[in-house]
Amino acid sequence: MQYSLENLKKAFLDDKVVDEKVLSEIIAESGGDITLVAIQLIKDKLVTPQLINDYFLRLYGFKYVSLGKILITPNFLQMIPKEFSIEHEVIVFGENGHKLQVAMVNPGDLYALEYIRRRTGKELETYITDLASFQSVIKGYKSDIQNLFSKVLEDDKRGFGKTLDVKDIAEGVPITKAVNSILEYAIAEGASDIHIEPTEANVIIRFRMDGILNDMLVLLKSTHSLLVARIKIMADLKIDEHRRPQDGRISLRVNDLPISLRVSVLPTYHGEKIVIRILDESVKNLTLKDLGFSGSELKVIEEKIQRPDGMILVTGPTGSGKTTTLYTVMKILNRPDVNINTIEDPIEYSMPRINQTQVNPAIGVTFANGLRSLLRQDPDIIMVGEIRDEETANMAIHSSMTGHLVLSTLHTNDAPGAIPRFIDMGIEPFLLASTLQLVIAQRLVRKLCNDCKQKIKIDSISKKLIERQLEEIALPAEEKEKLASVSLHQPVGCARCGNSGYKGRIGIYEVFEITDKVRGLIIDRVPVHELAAEMIRQEHMPMFINGIRLVDDGVTTLEEVMRVAQE
């Protein structure tokens, strides 16, 4: 579709919408780009967005379509990212010959059209739609998937009764489409995990989004065996093994983007439960700032990771983003002049020029044994996925003492707590003091949606909750009072965040630098609260306080910080 700027200019001048001199100046400044002209006219409040739409409709022949009457299948919904679709209020809803049918609330958004054209490699047939119609599609996305899944199984109902070979059905087109629709739906929603859980009466499918599990679909119990069989085939697992846990991987492409899935199958009372971890390849391109580090904490980390030796730990519970932080650090350190080796369980992402080894206890490859073998590979930097026992802890300590930089994770509640955890594992304090360089503790909180969050006054209950958490933290009284009087925001919910009020996650951290003063405290075996007090004297605040600062900045809510970081 060709857009003539001259046609638009003539229509504006004929209708005396804009002064000719002003319009000519805007056209000159925009370089003759019709999109930039329209945007500038709206920005200068010379025309309204609705007026631009009316002219595009009249001049360029857009047809109107009511999306509420159309069942849009997942293959069209997945052609552009859901976030882009919501931001630009545009959606691919069908196909006419070799052209994709695209509906837009704002047909003047030529950038969106060009993006879709480049992404899909197809010509477009563009329609105009109203905002209510567009939003009905976004809200009905889940039900569309549910209907499609039910329809697929209905179409294959005769196959259920005629064949006893589950493998044949699981490799058939209907169940393949059904499982793909679930995977595509989860990816579009930004889920990190898919849970397929059999119950006595049905199968519940839940997505973990922004760290929270949500019920998404409820299917008939009769579909369970086919779901399990299909996913096992995709993950190259034993389809006839139902008594033992199995783990596998799936690689697929969605909208020409590579997606990696990690599959875990576990027998339960009502049948095999499946959890699929969706591995976001974009984490390999994150920076420390992207993760949420800033200020003095960021400076300390950037300094410490450039050391040639010593040990850097990241602590926190499962799902707190520890591995993502370590991968980000390794990306920074990954240069041609260094040899980086890892021992992981499991390997989350494949990284170029980094030698990654998978733990496999069945053949004797444990963290400790793997680390012992890595030392014979002339490494400069070693990443140990997790320190779980005394043997691995000893190996990590001695590796860092012999000219290697060791990166690893540990399960502790806070950064100072890593010190007594190592000592409890049998590590001598003087060895720990001489090797440990930095401890980072972290959690992930959901971010408020910028489009719908609402500022509110702090109430007495919230203030008391904050004050109670601050009681054990060694801060001046005036600082505590300031923290207890922060601004609050509450989630509201809109189309852009799926009516949850939240969109995305961000880390909250505490960074404990192991200085000479701290080394002395470690050797003296001081209690953990004294180590925490020293961290504050370094001007590195506890995780809860850093979380409260994000609350005050309107990034997250007090409830989120209390959920993950309360003492």
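Where does Asp-19 lie? Select Asp-19: it is in the loop between helix 1 (5-14) and helix 2 (20-29). Helices here are DSSP runs of H or I with at least four residues, strands are E runs of at least two, and both are numbered from the N terminus.

Before moving on, note that this is a predicted model: local features need pLDDT of at least 70, side-chain atom pairs count only at pLDDT 80 or more, and totals for chains, interfaces and linings use all residues. Residues are numbered from 1 along each chain as its sequence is written, and side-chain values use heavy atoms, with hydrogens and water left out.

**Stop 1**

Asp-19 is partly exposed, at 48% relative accessible area. Buried means under 20%, exposed over 50%, and partly exposed in between (1.4 Å probe, protein chains only).

**Stop 2: Lys-45**

Select Lys-45, in the loop between helix 3 (34-43) and helix 4 (49-60). Its phi is near 60°, a positive value in a residue other than glycine. Lys-45 is exposed, at 75%.

**Stop 3: salt bridges**

The structure holds 21 salt bridges. Each puts a side-chain nitrogen of Lys or Arg within 4 Å of a carboxyl oxygen of Asp or Glu.

Go to helix 7 (residues 110-120) and select Glu-114 and Arg-117. Their closest N and O atoms are 2.8 Å apart. The two are three residues apart, so about one helical turn separates them. Glu-114 is partly exposed at 31%, and Arg-117 is partly exposed at 21%.

Now select Glu-391 and Arg-372, a salt bridge with 3.3 Å between the closest N and O atoms. This pair links distant parts of the chain, 19 residues apart: Glu-391 is in helix 18 (residues 390-401) and Arg-372 in helix 17 (residues 367-374).

Is Glu-560 buried or exposed? Select it with Arg-563; both lie in helix 26 (residues 558-565). Their salt bridge spans 2.7 Å, N to O. Glu-560 is buried at 2%, whereas Arg-563 is partly exposed at 40%.

**Stop 4: paired strands**

Select strand 9 (residues 257-268) and strand 10; nine bridges join them, and they run antiparallel. Strands pair if DSSP finds at least two bridges between them. The two form a hairpin with two residues between them. Pro-267 stands opposite Glu-272 in strand 10.

**Stop 5: two loops**

Select Asp-345 and Pro-346: a cis peptide bond joins them, with omega about -5°. Pro-346 is in the loop between strand 12 (340-344) and strand 13 (354-358).

Finish at Asp-378, in the loop between helix 17 and strand 14 (381-384). Asp-378 has a positive phi, near 55°, and is exposed at 63%.
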